Structures are given as C-alpha cells and as structure tokens.
Amino acid sequence: MINKKTTLVTVCALTISSPLLADDTMTHGIAYNGFTGIFHTPSAAVMDKGIVDIGYSNQLEIRGKYVDGHNFTFSAGLFDGLEVNGRITSSSMHDNLFSFSNNDQLRDLSFNAKYQIPFIPKDWVSIAVGAKDVGGAANNYEAYYAVASKQWWDFRFSAGIGASDTLTGQLDGIFAGIEYQPFTWLSVLAEHDAEAFNVGARVTLPKEWLYDLATVSFNSRLYSNTKLADDNVYWGINVSMPFSDEARTNYTPVRPAPVTLKSVEKPTKIAKVTQQSNITLQPESNKKLETNSTVAKNTETDSNTNQQIHGLKNALINDGFENIRVGISHSQLIIVEFENSVFNRNEIDALGLVLGRITEHFTSSDNEFVVRLSKQDIPQLQLKGRLDNYRRFINENITPDLIVSTQFSDKGAEGVKWAGNTQSTSPYFVPRLSFTPSLASTYATEFGVYDHSLALQADLHMPLWYGAGINVTGQVNVANTENFEPGKVFQNSRQETGIKRAIVYQTFALPFNIYNQTQFGLYQDYFDFIGITNETVWQSPEGRHKVKAKLGYFEYKDYNTDKRDYSIYSYRYLWAEKDVSFHITAGQFWNEDSGYKLETKFWFGDANIAVSYSNTTIEKVGIGFSIPLTSRKDMSAGNWQVKGAKSWKHSVSTRIGNSHNALDFGSATTPISSINIDKNFLNQDRMSSSYVYAHLARLKEVFETYK
C-alpha cells in the first residue's frame with residue numbers, strides 16, 4: 001500500500017510542477033462502465049458525433065465486490081450531445097455457467113445512454129443526464145444520474161447525483177470527480193463514486209502518433225479506500241476513431257452565395273432622330289462580309305463543341321461509367337446520361353465526378369447542363385444547373401444553384417446532337433461478383449463471452465435487361481467457435497457451405513415515384529424454400545418520406561409440409577440535414593410473429609449506427625452498425641467486375657420486459673436478399689434531392705480526389 005501511495009504522490013508532484021498547459025479543450029476518457037467519465041463516475045462531457053470507442057478493463061463488479069474479470073465496452077457518439085454504450089461484463093471468457101462448478105460466475109450484456117442538455121452557454125457549465133444498464137431482463141448495474149461539469153484552466157470539475165440499486169453503492173447518492181490535464185497526453189484523475197474515493201491516471205497517445213488512424217489511451221486506478229475490493233489497482237485500454245472517413249464533418253462546409261444589392265440606375269435620355277441624314281446605311285458588300293464571318297464563326301464553334309462532347313464522353317468511359325450518352329441541344333443545353341457501377345458506396349460520388357468533368361471540358365462557356373443518373377435504365381436522379389455557377393462552386397466553394405429531381409425532363413432538349421463513334425459500356429450481361437463475410441454470433445451467453453460462425457459469402461449478380469437480372473449467392477464456412485460445431489448448442493445457426501439463394505428479379509419504375517420489384521427463386525438459407533416476394537416503394541419527390549410494402553410467400557422445396565408467408569409495411573422519415581432517419585415497420589414477420597419494430601439510423605458518411613426496439617412475441621432492444629467493405633471507387637467493369645460489399649450489417653440485441661434473457665435468433669426478421677429496391681436503386685435510402693442538398697460539399701470533394 002505504501003508503494004502505491006508513493007507512486008501516486010510522485011505522479012501528482014510531477015504534474016503540478018509542470019509549467020505546460022493543456023489544450024483549451026480537454027480530452028475525455030471512457031469509464032469502466034462505458035460512458036465518458038473517470039473510473040466509476042460520469043462527467044457531463046459526451047463523445048463527439050461520429051466517434052466510436054472500443055475498450056477493455058479488468059475490473060468486475062459482482063455481488064457487491066470488485067474482483068479481477070473482463071469488461072468490454074463499445075461506445076459511440078450518435079448525435080450532437082448523445083452517446084450510447086454497450087457493455088459486456090464476465091467472470092471468465094468460455095466457462096459454461098450452467099455447470100455447478102461455475103454457477104457463482106457472472107456474464108452480462110447491458111446498454112447505457114447519456115445526453116448533454118443543449119442551449120447552455122459553453123462558458124457556463126455542461127449538464128448531462130444518463131442511464132446505465134437500461135432495459136435488460138437482469139439489470140445488475142442499473143443506475144440513473146444527472147451530472148454537471150465545468151472546465152477551468154487545466155481542470156475539469158464534475159459533480160452529480162444518482163440513484164442505483166447496485167450492491168457496491170456506486171452512483172447511489174452524491175458523486176464528484178476532478179480531472180487535471182497538464183499535458184495533452186496525461187491526465188490525473190480523482191473521484192468519489194458515492195461509496196469510495198478513487199485516484200489514478202490516464203495516458204493518451206494522440207492520433208498524430210498513430211498515423212491519424214486512432215487515439216489510444218491507457219488508464220489505471222492506482223488507489224481506492226473502498227472495502228469492497230481485495231486489490232485496489234485496476235486498469236483499462238481504449239481505442240477511439242472516426243466511424244467513417246466520408247462523414248460530412250470531414251468536408252469543408254459550402255458557403256452561401258453572397259447577396260449583392262442591385263444599384264438603381266438613373267434613366268438615360270434617348271436622343272431623338274430629327275434628320276434623315278443622321279441614319280447611316282451599311283453597304284451591301286459589308287453585309288455579305290459579316291454573314292460569311294458569322295458562318296465561319298459558327299462552324300468553328302460547332303467544331304469546338306463537337307470536340308468537347310466527344311472528349312467528355314471519353315473521359316466518363318475512362319472513369320468506368322456505363323450506358324453513357326453525351327450531347328448538346330439546339331439551345332446549347334449539355335446533356336449527360338450515365339449509369340454508375342464504380343462508386344458503389346454512394347451514388348453521390350458518381351454525380352460529383354461527372355459534374356466536375358463537365359466543367360473540365362467546357363472551360364469558358366456558360367451553358368446550362370443536365371446530368372441524369374440511372375440504374376439498369378431505371379431513372380434515379382437528375383441534376384440541372386449552369387456551368388459558371390458550378391465552376392464557382394468548384395473554385396470558391398460557393399453554393400451551386402442545382403435543381404435536383406427524381407423525374408427526368410426533356411425540356412430544352414430538342415434537336416440534340418449526341419457524341420457518337422465511341423464505345424459506351426453496356427451494363428447488361430456483365431457478371432458482377434462481390435464478397436462479404438456472413439456471420440452468426442452470440443454475446444454474453446452462459447456458454448461464452450463471444451461465439452461465432454463465420455463464412456465467406458460470394459454474390460454473383462448479372463443484369464439482363466431493363467430492371468431485371470439474376471442473383472446467385474453462395475458461401476464457404478471459414479471458422480467456428482466450439483459452440484457452433486455440429487452437435488453443440490448453436491449448431492442450428494451455423495453458417496453452412498453451399499448455395500444460399502438463387503433468384504431472378506424484375507424491377508419497374510412507375511409514375512409518381514413508385515417502384516416495384518418481384519423476386520422468384522430458391523432460398524436455401526431458410527430451410528430449402530422456393531418463394532416469391534414483391535416489394536412496392538413510394539418516395540416523396542424530395543425524399544423525406546417513404547412508404548414500403550413487402551410481401552412474401554414460400555413453400556418447402558421437397559415436401560408440402562411447411563408454408564410461410566409474411567407481409568410487412570413500413571414508413572421512413574429522412575432528416576437529411578442531420579443524417580438521421582426514423583423507421584417504423586409493422587405486420588407479420590418471417591417466423592409468423594406479428595408486431596412492430598422501431599429503428600433510428602444515424603449516418604456518418606457511408607456507414608451508420610442503428611438503435612432499435614421491437615415488440616412481437618417478445619420485446620427486444622438492440623444496437624447495430626452498417627459499414628462498407630469495399631473501396632470508395634471499385635474496379636471498372638469490362639467483361640466482368642469484382643468488388644466488395646457496399647454495406648455489411650451486424651447487430652446485438654437483448655430481451656427486455658422478461659424475468660429471463662434467453663437468446664432469440666428470429667423475431668422481427670424477414671428474409672434478406674442481396675438485391676432490393678433500397679440497396680440497388682435508391683442508394684441505401686439516400687437517392688433524393690434533400691440528401692444531395694445536404695451533402696453538396698461531397699460533390700466538390702470527390703471531384704478534387706479523383707480528377
């Protein structure tokens with residue numbers, strides 16, 4: 001004990017004697033509970049939007065004691081002022097808790113949330129409210145709290161009050177904490193957690209030391225006067241990083257166009273012509289010279305325009321786009337039509353590059369332009385603007401006056417001269433192969449902290465004609481933990497080797513922004529069913545509202561003993577300015593469970609984190625994420641194309657409202673296909689004017705990156 005106290009006093013003396021000051025904004029750490037704070041207590045600070053943190057610590061609370069164990073945390077800043085945390089606590093990694101010899105162990109999955117109250121001036125005080133271990137069936141660490149923090153010089157002072165039923169008394173009453181940061185990489189920490197006084201330190205390695213990939217921090221509780229632990233020293237490590245490189249916060253915001261006041265000019269007097277002799281007539285020979293000059297000038301202009309549209313088309317072919325048409329009308333309207341198969345993370349990247357290419361090839365004129373993006377000849381988005389205005393956007397970052405719509409218009413497109421004699425790649429009968437992991441997993445069960453069955457999945461997609469194609473999905477089992485092996489407890493959810501799906505589909509774009517898709521084929525990942533599904537989607541013109549109906553009917557392939565059908569209906573609202581979407585789905589799901597599901601997705605570039613609540617045969621809450629597993633720009637398609645998955649999803653959920661927390665693999669689910677309207681034709685719910693207007697900066701950034 002004396003050595004530990006001596007170490008603590010030495011660290012404090014070194015930091016107090018330091019003349020260096022910390023940055024104006026202090027760093028914050030993740031407490032052992034998963035929220036931003038010290039060791040056991042929260043501060044009013046929250047994680048920045050779009051930042052995720054993965055942590056591990058060896059302190060475990062169990063039956064009113066602190067012991068050595070395992071503590072895993074996942075934390076994320078979802079919204080301005082809002083953070084959520086998932087936490088797994090376990091006495092051991094793989095012991096079977098049903099065994100009599102291990103029945104005194106603990107393994108628990110819990111969720112936390114904290115929200116910082118807005119509209120309080122930053123130079124006053126920060127206030128946050130939060131909850132720990134909410135909603136689960138067995139709430140071992142449930143607590144609710146309110147906390148205020150104030151930063152002064154190199155110190156952050158926090159104090160709050162909480163209510164908790166935990167046997168350790170943590171956060172059950174008044175708590176307080178102090179963080180002293182003499183350097184950007186070092187913080188000295190002290191807290192009273194309503195039960196004990198704790199002191200320690202945190203060392204942070206800046207991103208600059210790790211090639212700007214992540215921030216790594218180490219912390220240790222060096223001393224505590226608690227009587228609930230045999231050992232006072234515990235430690236933790238955390239790695240935090242941006243969730244996506246393409247998040248909107250990474251781009252320079254677009255500036256609004258300056259407002260210019262029109263000057264009021266005095267009317268000029270018009271001189272009256274009083275004598276006929278003041279009018280000079282041009283000789284006939286001069287008229288002929290002017291006519292010949294005009295004809296020559298027009299011929300030269302036509303030649304330049306012809307070179308420009310051909311050069312633009314060749315550039316778009318080299319970029320890897322398909323189904324390209326480039327032309328110019330009698331009214332000098334530039335028209336570009338194309339399909340994108342290379343920027344598969346986000347179609348807006350393709351639009352940004354094409355718009356930039358137009359300014360490259362038409363360097364001095366101020367033509368109007370129209371850019372039309374399609375997928376398998378189904379219209380997706382049309383952008384219209386003027387060249388001078390868009391050049392100003394590229395050069396000065398001034399908001400461009402773009403008109404964005406989901407309907408294609410031929411106004412002003414009379415007498416179009418198309419660029420020909422150059423090959424334009426067809427999107428049809430080109431095999432497109434994508435690879436993605438297929439994962440079944442469990443967390444914090446009585447059989448282990450984490451079990452999984454992993455397979456490598458391959459999707460072969462071949463477009464055939466307008467809106468139609470075939471899709472075959474197969475996979476190879478790669479790795480399994482013991483509990484997913486044949487004959488073990490999770491064998492029914494094991495990822496098997498073989499063909500999972502083989503379907504044909506037909507999609508139609510109907511009037512009034514309605515899309516319809518029918519699929520028919522084999523669904524072997526659901527016990528060898530032959531099925532037919534139909535999906536109908538309506539999206540409002542600006543893209544904020546979407547209504548969807550999805551119906552399916554399945555029969556067992558070999559025996560007429562099992563039939564399934566589902567019918568689900570959903571509504572989605574897109575808050576494009578904040579990159580948040582709200583979803584509600586209701587009806588009869590795949591496992592014949594009826595009810596509803598609520599979900600909120602927080603987008604960060606091309607990745608998102610979703611929190612959900614479902615109520616069918618059981619109640620569940622969950623958190624999941626979706627990330628792209630392919631490069632921002634994939635290889636161009638010639639006779640074939642290989643790429644990664646544009647989105648890979650993974651989620652964790654737990655029961656609520658029950659006295660037990662039995663695993664659930666199937667409630668509130670529907671069969672998943674690699675082809676659907678949202679993913680393939682609506683840019684994962686981001687094919688709309690409201691989304692483009694909210695992400696104009698990305699149009700400029702992608703052109704500067706790939707020009």
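Modeller: Leaving aside residues up to four places away in sequence, Pro 427 touches Glu 322, Asn 323, Glu 339, Arg 432 and Pro 463. Contact means heavy atoms within 4.5 Å. This is a predicted model: local features need pLDDT of at least 70, side-chain atom pairs count only at pLDDT 80 or more, and totals for chains, interfaces and linings use all residues. Residues are numbered from 1 along each chain as its sequence is written, and side-chain values use heavy atoms, with hydrogens and water left out.

Colleague: Why is Pro 427 called buried?

Modeller: Its relative accessible area is 3%. Buried means under 20%, exposed over 50%, partly exposed in between (1.4 Å probe, protein chains only). So Pro 427, at 3%, counts as buried.

Colleague: Where does Pro 427 lie?

Modeller: In the loop between β20 and β21 (432-445). Strands (E, at least two residues) and helices (H or I, at least four) are DSSP runs, numbered from the N terminus.

Colleague: What is the strand order of the open sheet?

Modeller: β19-β18-β17-β16-β15-β20, with mixed pairing. β19 (403-405) and β20 (417-418) are at the edges; each has a single partner strand, so one side of each lacks a neighbour in the sheet.

Colleague: What makes β18 and β19 a pair?

Modeller: Two strands pair if DSSP finds at least two bridges between them. β18 (residues 378-386) and β19 have 3, in the antiparallel sense. So they pair. Gln 382 stands opposite Ser 405 in β19.

Colleague: Which strands does helix α4 touch?

Modeller: Helix α4 (residues 387-396) packs on the sheet and touches β16, β17 and β18.

Conventions:
Axes are lines fitted to C-alpha atoms, for helices over the stretch in contact, and angles run from 0 to 180 degrees between N-to-C directions.
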